[in-house]
Each structure stands twice: as C-alpha cells, then as structure tokens.
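Visitor: I have a structure to look at and would like to go through its ligands. Can we start?

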Amino acid sequence: MKEIKHFINGQYVGSASGKLFDNVNPVNGQLIAKVHEAGETEVDAAVKAARAALKGPWGRMTVAERTEILHRVADGITARFDEFLEAECQDTGKPKSLASHIDIPRGAANFKVFADLIKNVATEAFEMATPDGAGALNYAVRRPKGVIGVISPWNLPLLLMTWKVGPALACGNTVVVKPSEETPSTTALLGEVMNAAGVPAGVYNVVHGFGGDSAGAFLTAHPDVDAITFTGETGTGETIMRAAAKGVRQVSLELGGKNAGIVFADCDLDKAIEGTLRSAFANCGQVCLGTERVYVERPIFDEFVARLKAGAEALKIGEPNDPEANFGSLVSHKHREKVLSYYQKAKDEGATVVTGGGVPEMPAHLAGGAWVQPTIWTGLPDDSAVVTEEIFGPCCHIRPFDTEEEAIELANSLPYGLASAIWTENASRAHRGAGQIEAGIVWVNSWFLRDLRTAFGGSKQSGIGREGGVHSLEFYTELKNVCIKL
Ligand SMILES: NC(=O)c1ccc[n+]([C@@H]2O[C@H](COP(=O)([O-])OP(=O)(O)OC[C@H]3O[C@@H](n4cnc5c(N)ncnc54)[C@H](O)[C@@H]3O)[C@@H](O)[C@H]2O)c1
Ligand SMILES: O=C/C=C/C=C(\O)C(=O)O
C-alpha cells in the first residue's frame, strides 16, 4: 500500500509514532494510501527546518534568483500535469475536465504570478523637513516575515495551498504546510517538484494530520511560527486566531460564506443561468465563493427556476475519468452526511424541492461513492437553517424579490460576507448594488473570474485580511521604515 509521508528539510520522512490514517477515494470508497500523522515531534522538526532555511542559501538569494526558482516550480507542476491531475481527482472525486482547467493550472500560476509581482513592486519613500534645514529621507524595505504556517482545506487542495505558498516563498519566507487530512496527495507531491526545481531544503515543509489535537493544532501553537495563513471554516478560523494570539502572531483568514446571487429582470438570462449553474454546482458546490442563496426579481422568477432546474438536471454525474462528466462526487462520506442532513432539513422546513434532494443512482462499481444530486429549493423562510447556514454542497435556494433595496437587504442579512454575484444589464444598478453589498468580492455578470492581482478575501465572518497581488505581499512581508537624517 502506498504511504504518504511528511516532507521535512527536503526529505520524505515517516512519523516517529508510526501512526497512519486512511486516504480514501470518495468516488468508490477505495483506499488510495496510508498517510503518516504528524505528532509534535514532526511538527517541531518541520518548523526547525524552516527556521534554519531562512539563514541558509534561501535567505541569501537575490530576488532574481529566488523568482527564477519559483518559475521552475511552476514549470515542474506543468511538466507533471497528469500526475497532479490524477492525484487531485483521486483525493477529491472532482471531474478531470474541471481540475485540468482550474486546479492544476492555477497551482502553477500561483508561483509565476507572485514571482513576477515581487520583482516589480515598489515601496514608499517620504522626504521630510528637519529643524536644521538638512532634512531626512524615509524609505521602506520589505523583509520576509519568517516561518509561515499554512493550513489549507480540501475543496481546491493544490490551488488554495499554492495561493499561499507561492507568495510566501516569493517574499523569501519559508513554510510549513498542513494540508487537509482529506486531500494530502498533491501537497506531498509538490515536495518532489520543489527539490527538482532547486528550492533549498527546509524552505517548503509539509506535515500531515488532522486539525484539533493533531498536526494543525501543533503547528498553530508552535511558538516559532511567525504568522499563520488559513483557509477553511469560520469556526476553525476562530480557533486558529486564538492559537495565534499567543505570541502575538499575525493571521490571514479566508473563511466560510453563504453567498448571494441577485438576478434582476433586466439581466441577460442566458448568462445568468449559465453563471448561476456554475456558481451553485461547480466542484459539486464545494467552492467557498459558490452561490447557495439566489434572489430573483419576481417577473422572471418562474422562468429562472424552470431554466436552472433544466440546467441542473442536464449535469452529467460521473467519475473523474469520464470525459463527459461535469459533476463529481463530494469529497467524503462524512461531508455527504452533512450535505444530506441539510437536504432532509429543507424538507422538514417546508421547502419545495424543485429538483434533486437525494442520492443519484449510480452504476454498481460507483455505488460506494459520496454522490449527491444537484438540488434546488424554493419556498423556505429567510431564517431557515438551509438559507442561513453554509452547506458547502451542490444546492441553492431561490427566492423572489420585488425591489432593488429588498434584494440588497436580503443579500446583506447574514453574518458572512465573502462573495456575491449580480446579474443585470443596467450599469447604474450594477455599480449601485456592488457598492452596497457587504462582501469582499462582487462579480457583475460573471462568477469566479479571477485576476490574481486583485484583493481576495471576506468581510464580516468570512475572513480577516486580503490576499492577492500586493495584498499578499503585505501579509507575507514585514515592511521596515528606514529614516536617514541628511
Ligand atoms: N474564504 C475562502 O477563500 C475559502 C476558500 C475555500 C474554502 N473555504 C471554507 O473552507 C471550508 C471547507 O473546508 P474544510 O472543511 O477543509 O475546513 P476546515 O476548517 O474543517 O479545515 C481546514 C483546515 O484546517 C485544519 N484544522 C481543523 N481544525 C483545526 C485546528 N483546531 N487547528 C488547526 N488546524 C485545524 C484542517 O485539518 C484543514 O487542514 C468551508 O467553510 C469553506 O467556505 C473558504
Ligand atoms: O473555495 C474557494 C475558492 C477560492 C479561490 C481562490 O482563493 C482563488 O481563486 O484564489
């Protein structure tokens, strides 16, 4: 049986405890590998390696040398594209048709974009007057923050992990990554690419394990970790923030959401249906930016519901290798239990089930998979659990509205504020709505259209801080002001 080991100081190592956990393919329930679970010993070794590497060749490299290596990392991912694709799809159950144009290319791009950015970004300078008339000059320089703890989730494993590791390394830091216990494979494989690209030992370290009382908690509690960047659930973010308070370590938190889509009657309906279908059902609904609440202006409500239903029913459910499949399984049976509990709750709360609501019939060889049907509801009250809590499954609730003010108020009614999509051909309304929506990201007539130079993050309980472009550089560097008296 294949074993997945930690990657510490440039080498794959097992756990001293000998503790292993299962990595299971959610499509068929088969065991993919046994994964080593890190204890405090391995986490400490990884942090020590990361600390030492800051003082080694990595710390002495010029930006040009460092960024050349990061380009080689990106090229290394691309050169082994099929292996990354296979590993990602086995861990998650997502269609290869999706991962081959989102997850893996973005994994490579995350290294190139931030390597190029760091070469081209200026810092501030201020000339000032002094009483003696000679003046002074202030200028800022960026220095790496140090050892960064990276904790990543399972929904877009390579994409979301490299979204942090790319800029962290571009800025000259070293990292210890704790990938989700559900999806360790691509984070582990990246170690080989790092070695081949000439990344010095100790710069990129990986420890595997769970969250509480396991690798995640040990890493966030480690006093020699300088900053923690985390993507995952809001509740976990609170726990991590508490851990980071000890020693006053900075956090960047990209958390959960319950995102709203607002569809005005003046929209281009074809675009709105296509975009909402993707935002509700892509990656089996396991996208933090996904739309689980859809508000539709009353004159087009019935037509919208009918067309979204037809679109959902036309999705082709299948295993990753099925070239026609555009809808995979959920990440695990545990997650399926959670999603199905909401499917039940929707019925209990009095929803009209427009489509789905259960488990699809699959051929015998896939019967053991974590499948659920794409699901649409209408008719739920605004305060029902299904409308207010993040489900993270392929489902949405559609509710009619009558005025622009009402739609904005509904969109803003929850404590989350990650992303929103507005569908309208009226430019004034689009700008007005975008300005009023309480979210870190608003798309108009699109969804998940990403320019990596832009600020990315959530407001309210969807996160703290922004990453992306220069905002990533802000988090991953310490800005030092130098004041020169002339
Ligand atoms: N805002 C964003 O950019 C964004 C992106 C993707 C996913 N998400 C959110 O992530 C969630 C789904 O991912 P998930 O289920 O893997 O999230 P999760 O919070 O359960 O786990 C995320 C990571 O945190 C670790 N972890 C759990 N408890 C921990 C603890 N006490 N200390 C340290 N580490 C701990 C896990 O092992 C995993 O690696 C959803 O809520 C989704 O909205 C947010
Ligand atoms: O599931 C959440 C998706 C997040 C996407 C990104 O972080 C990104 O595109 O950079």
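Visitor: Which side chain has a polar atom 2.7 Å from an oxygen atom of ligand 2?

Guide: Asn155: a polar side-chain atom of this residue lies 2.7 Å from an oxygen atom of ligand 2. A polar contact here is a pair of N or O atoms within 3.5 Å; within protein, one must be able to donate a hydrogen and the other to accept it, and residues adjacent in sequence count only if both atoms are side-chain atoms.

Visitor: Before we go on, what kind of model is it?

Guide: This is a predicted model, where local features need pLDDT of at least 70, side-chain atom pairs count only at pLDDT 80 or more, and totals for chains, interfaces and linings use all residues. Residues are numbered from 1 along each chain as its sequence is written, chains are lettered from A and ligands numbered from 1 in the order in which they are written, and side-chain values use heavy atoms, with hydrogens and water left out.

Visitor: Back to ligand 2. How far is the polar side-chain atom of Arg450 from an oxygen atom of ligand 2?

Guide: The distance is 2.6 Å for Arg450, and for a polar side-chain atom of Arg106 it is 2.8 Å. The protein buries 99% of the 310 Å² that ligand 2 exposes when taken alone (Shrake-Rupley method, 1.4 Å probe; for residues, only the protein chains shown count as cover).

Visitor: What else surrounds ligand 2?

Guide: The surrounding residues include Trp163, Cys288 and Phe456; to be near, a residue needs a heavy atom within 4 Å. Helix α7 (residues 157-170) gives the largest share of the shell, 3 residues (helices are DSSP runs of H or I, at least four residues; strands are E, at least two; both are numbered from the N terminus).

Visitor: Why does ligand 2 lie between domain 1 and domain 2?

Guide: Because domain 1 (3-255 + 462-485) and domain 2 (259-451) both give residues to its shell. The domain bounds come from an automatic or database domain assignment.

Visitor: New topic. Which residues come nearest to ligand 1?

Guide: Of the 30 residues around ligand 1, the nearest are Lys178, Glu181, Thr236, Leu255 and Glu390. An N or O atom in the side chain of Lys178 is 2.7 Å from an oxygen atom of ligand 1.

Visitor: Which element gives the most to the shell around ligand 1?

Guide: That is α10, with 3 residues.
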